[in-house]
Amino acid sequence: MECEICGKAISDHPKRVKIDGSIMAVCDECAKFGRIQKEPPKPKFRKQNNKNKNTNKRQNRRNDEPQEELIENYNDIVRRKREAKNWTREQLGQKLNEKVSVINRIESGKMVPDTKLIKKLEKTLDIELLETYNTDDLKQYVGTSGSGVKLGSIVKIKRK
Ligand SMILES: [Zn+2]
């Protein structure tokens with residue numbers, strides 16, 4: 001192998017340098033004239049990937065998992081609605097296929113019903129016990145309406 005600049009014989013590993021925009025295999029001495037080419041920095045690339053992954057994760061959580069929470073006074077709602085229907089705790093228990101002790105504890109607020117039981121309560125009593133939190137969506141709406149004005153003025157500027 002010969003140096004592409006001076007023609008001197010190079011033993012094993014020629015230096016790869018960039019000279020005037022082209023990459024050349026050269027000897028040690030000629031390497032001084034150009035910039036030594038290196039492999040693209042891999043750690044940096046990997047870091048960027050992780051960053052993208054995190055972003056996606058955050059977006060997925062925001063879009064796919066709306067936060068549903070049991071309302072604070074669920075026990076009052078259950079009790080009032082049951083009384084409005086003139087059902088005893090025993091009757092409600094039978095309809096839900098739950099023990100009376102479960103109804104007692106739910107109505108006294110000592111027991112937080114699980115999702116399955118919440119759904120049964122909602123259906124049987126015709127009530128809503130879950131609140132959906134969408135604070136992120138709210139922020140997005142505000143952002144959209146705010147930038148709408150700006151977008152309009154950009155279009156106007158471009159038309160000039
Ligand atoms: Zn050379």
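Helices (H or I, at least four residues) and strands (E, at least two) are DSSP runs, numbered from the N terminus. The model is predicted, so local features need pLDDT of at least 70 and side-chain atom pairs count only at pLDDT 80 or more, while totals for chains, interfaces and linings use all residues. Residues are numbered from 1 along each chain as its sequence is written, and side-chain values use heavy atoms, with hydrogens and water left out.

**The whole chain**

Begin with a cartoon view of the chain, which has seven helices and five strands. Followed along the sequence, these elements give the pattern β-β-α-β-α-β-α-α-α-α-β-α. Of the 160 residues, 20% count as buried; buried means under 20% relative accessible area, exposed over 50%, and partly exposed in between (1.4 Å probe, protein chains only).

**The zinc site**

Select the zinc ion next. Which residues coordinate the zinc ion? They are Cys3, Cys6, Cys27 and Cys30, each through its SG atom, at 2.2 to 2.4 Å. Donors are N, O and S atoms within 2.8 Å of the metal (3.2 Å for Na, K and Ca); water is not among the atoms, so sites may look incomplete. The angles between the four donor atoms are 105 to 114°, which makes the arrangement tetrahedral. Four donors count as tetrahedral if all angles lie between 85 and 135 degrees. For comparison, the ideal angle for four tetrahedral donors is 109.5 degrees.

In the sequence panel, the spacing of the donor residues reads C-x2-C-x20-C-x2-C. Cys6 lies in the segment before strand S1 (15–19) and Cys30 in helix H1 (residues 28–31), so this pair ties together parts that are 24 residues apart in sequence. Colour both by accessibility: Cys6 is partly exposed, at 45% relative accessible area, whereas Cys30 is buried, at 5%.

**The three-stranded sheet**

Now select the open sheet of three strands, which has the order S2-S1-S3 and antiparallel pairing. Strand S2 (22–26) and strand S3 (35–36) are the edge strands, each pairing on one side only. Two strands pair if DSSP finds at least two bridges between them; S1 and S2 are joined by five. Lys15 stands opposite Val26 of S2, and Lys18 has Ile23 of S2 as its bridge partner. In the hairpin of S1 and S2, two residues lie between the strands, and Asp20 takes a positive phi near 50°.

**The largest core and helix H6**

Move on to the largest nonpolar core, which has 16 residues; Val78, Leu92, Ile106, Leu121, Leu125 and Leu129 have the most contacts inside it. A nonpolar core is a set of buried Ala, Val, Leu, Ile, Met, Phe, Trp, Tyr and Cys residues joined through side-chain atoms within 4.5 Å. Helix H3 (74–84), helix H4 (89–96), helix H5 (100–107) and helix H6 (115–125) each supply at least two of its residues. The largest share, four residues, comes from H6. Apart from this core lies another, of eight residues, including Cys3, Ile19, Val26 and Ala31.

Show H6 with its side chains. Which residues of H6 are buried? They are Leu117, Ile118, Leu121, Glu122 and Leu125. Seen down the axis of H6, these buried residues fall within an arc of 140°, so they line one face of the helix; the arc is that of the directions from the helix axis to the C-beta atoms. On the other side of H6, Thr115, Lys116 and Lys123 are exposed. The buried residues of H6 are covered by elements including strand S4 (67–70), H3, H4, H5 and strand S5 (130–133).

Select H4, where Leu92, Gly93 and Leu96 are buried. They cover an arc of only 100° around the axis, which puts them on the same side of H4. Elements covering them include H3, H5 and H6.

Finally, select two loop residues. Most residues other than glycine have a negative phi. Asn86 lies in the loop between H3 and H4 and is exposed, at 68% relative accessibility. Asn97 lies in the loop between H4 and H5; its phi is also positive, near 60°, and Asn97 is exposed, with a relative accessible area of 69%.

Methods. Four donors count as tetrahedral if all angles lie between 85 and 135 degrees; four count as square planar and six as octahedral if opposite donors are over 155 degrees apart and all others between 65 and 115; anything else is irregular. Contact means heavy atoms within 4.5 Å.
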